[in-house]
Amino acid sequence: MTVRSDETKREDDTIQAMKETWARLDDAFAVEPAPLSAWTALVRERKRLAKRKLWRDLAILWSIAIPAMGLMLLLVTGMPPLFWMFQAAAAVAGIPWLVGEIKRIARSGGRRTTP
Amino acid sequence: MSDPIRKRSSAGISSDEELAELLREHYGIVFHYLIKATMDRTLAEDLAQETMVRAIEHYERYDGSSKFSSWLITIGTRLYLDLLRKRRTERRYVTEETRSGAFRFETLSRGGEWTELNEMLSALPEEVRTPLVLKHYCGYTYEEIGDMMSVAPGTVKSRIHHAIKKIREEWNV
């Protein structure tokens, strides 16, 4: 019992000393945030950039998707064997890629940067 | 750790000014956490700024189920862990001695103290120092830290226990 409480006390002392060390670091690296106007400008700028990126990504997606869908429709109506060959090739290349991606995400703990 | 803004849903952040004010109020909390986790002022500043940018881009994901500071600290932690993983993959990282030496010099040049305990904390591996700071500086539970770091709470507990034991033995308290 005495040994246990002695251990606990030593652990508490270590934690307390760490907290004091961290408090001194806080004092040494005091923070003076930029004025509110600078933060507001940052928020507006980042929101504008995010919106622009969203539109750009959407434009890229559709500029690829529409010709691809058109080509597939042409193939399925005009040259069905070629269409099915294309589908098979896509599956052969796509499935290993998908498995690889799933493994990679599982290795990283499936973590997103933002919760 | 004091947090004047207890709980706010993203719906509660109605204007750019309000979001800016929230981020400004919390910048110091995030920076002070990161400087202890990284033991590197430049890296802590970069990560704190990146955390703020991610928060602006994804603030609609903040649902108010936790403190705003916890949400920001989770983003900062994940950015830091991602960076460590990238550095390991690319085998491009500064040696511990160089980083620790630079941080010691900067702390002293700012009039701070550099004790034996600072040296020990600085020498801890990042994946051990981060949960230690989250637990004993920020006051999170093992479950919350596990969620932030995507590891089991038992692993968090074990890492923290071993870190304290190692420090205690070397420091001889």
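Reader: In which helix of chain A does T21(A) have its place?
Author: T21(A) sits in helix α1 of chain A, residues 2-28. A helix here is a DSSP run of H or I with at least four residues, while a strand is a run of E with at least two, and both are numbered from the N terminus. Before we go on, this is a predicted model, in which local features need pLDDT of at least 70 and side-chain atom pairs count only at pLDDT 80 or more, whereas totals for chains, interfaces and linings use all residues. Residues are numbered from 1 along each chain as its sequence is written, chains are lettered from A and ligands numbered from 1 in the order in which they are written, and side-chain values use heavy atoms, leaving out hydrogens and water.

Reader: Why is T21(A) called buried?
Author: Its relative accessible area is 2%.

Reader: Which residues does T21(A) touch?
Author: Leaving out residues up to four places away in sequence, T21(A) touches T115(B), L117(B), N118(B) and L121(B). Touching, or contact, means heavy atoms within 4.5 Å.

Reader: Why is T130(B) called buried?
Author: T130(B) has a relative accessible area of 0%, so it counts as buried. This threonine belongs to helix α6 of chain B. Beyond its neighbours within four places in sequence, T130(B) is in contact with Y33(B), A37(B), T77(B), Y80(B) and M149(B).

Reader: What share of each chain counts as buried?
Author: In chain A, 17% of the 115 residues count as buried. For chain B the figure is 49% of 173 residues. Chain A has three helices and zero strands, and chain B has eight helices and zero strands. Chain A exposes about 8,600 Å², with 69% supplied by carbon and sulfur atoms. Chain B has an accessible surface of about 8,100 Å², of which carbon and sulfur hold 48%. These areas come from the Shrake-Rupley method with a 1.4 Å probe, and for residues only the protein chains shown count as cover.

Reader: How many residues of chain B are in contact with chain A?
Author: On the chain B side there are 53, and they meet 37 residues of chain A. The area buried between the two chains is about 4,500 Å², 65% of it from carbon and sulfur atoms. Buried area is the accessible area (1.4 Å probe) that two parts lose on being put together, summed over both. D16(B), R24(B) and R168(B) supply 15% of what chain B buries against chain A, more than any other three residues.

Reader: What makes E17(B) and R44(A) a salt bridge?
Author: Their N to O distance is 2.4 Å. The rule asks for a side-chain nitrogen of Lys or Arg within 4 Å of a carboxyl oxygen of Asp or Glu, so this pair qualifies. At 36% relative accessibility, E17(B) counts as partly exposed. R44(A), at 42%, is also partly exposed.

Reader: Why does the pair of K47(A) and D16(B) join two chains?
Author: K47(A) forms a salt bridge with D16(B), with the closest N and O atoms 2.6 Å apart. K47(A) lies in helix α2 of chain A and D16(B) in helix α1 of chain B, so the pair joins two chains. K47(A) is partly exposed, at 23% relative accessibility. R44(A), K47(A), D16(B) and E17(B) are linked in a network of salt bridges.

Reader: How many salt bridges cross the interface of chain B and chain A?
Author: The rule finds seven there. Among the elements that give two or more residues to the chain B side are α1 (16-38) and α8 (153-171) of chain B. The largest share, 13 residues, comes from α1(B).

Reader: Where do R54(B) and E50(B) lie?
Author: Both are in helix α2 of chain B, four residues apart, about one turn of the helix. R54(B) has 23% relative accessibility and so counts as partly exposed. E50(B), at 30%, is partly exposed too.

How values were computed. Buried < 20%, exposed > 50% of the residue type's maximum accessible area, 1.4 Å probe, protein only.
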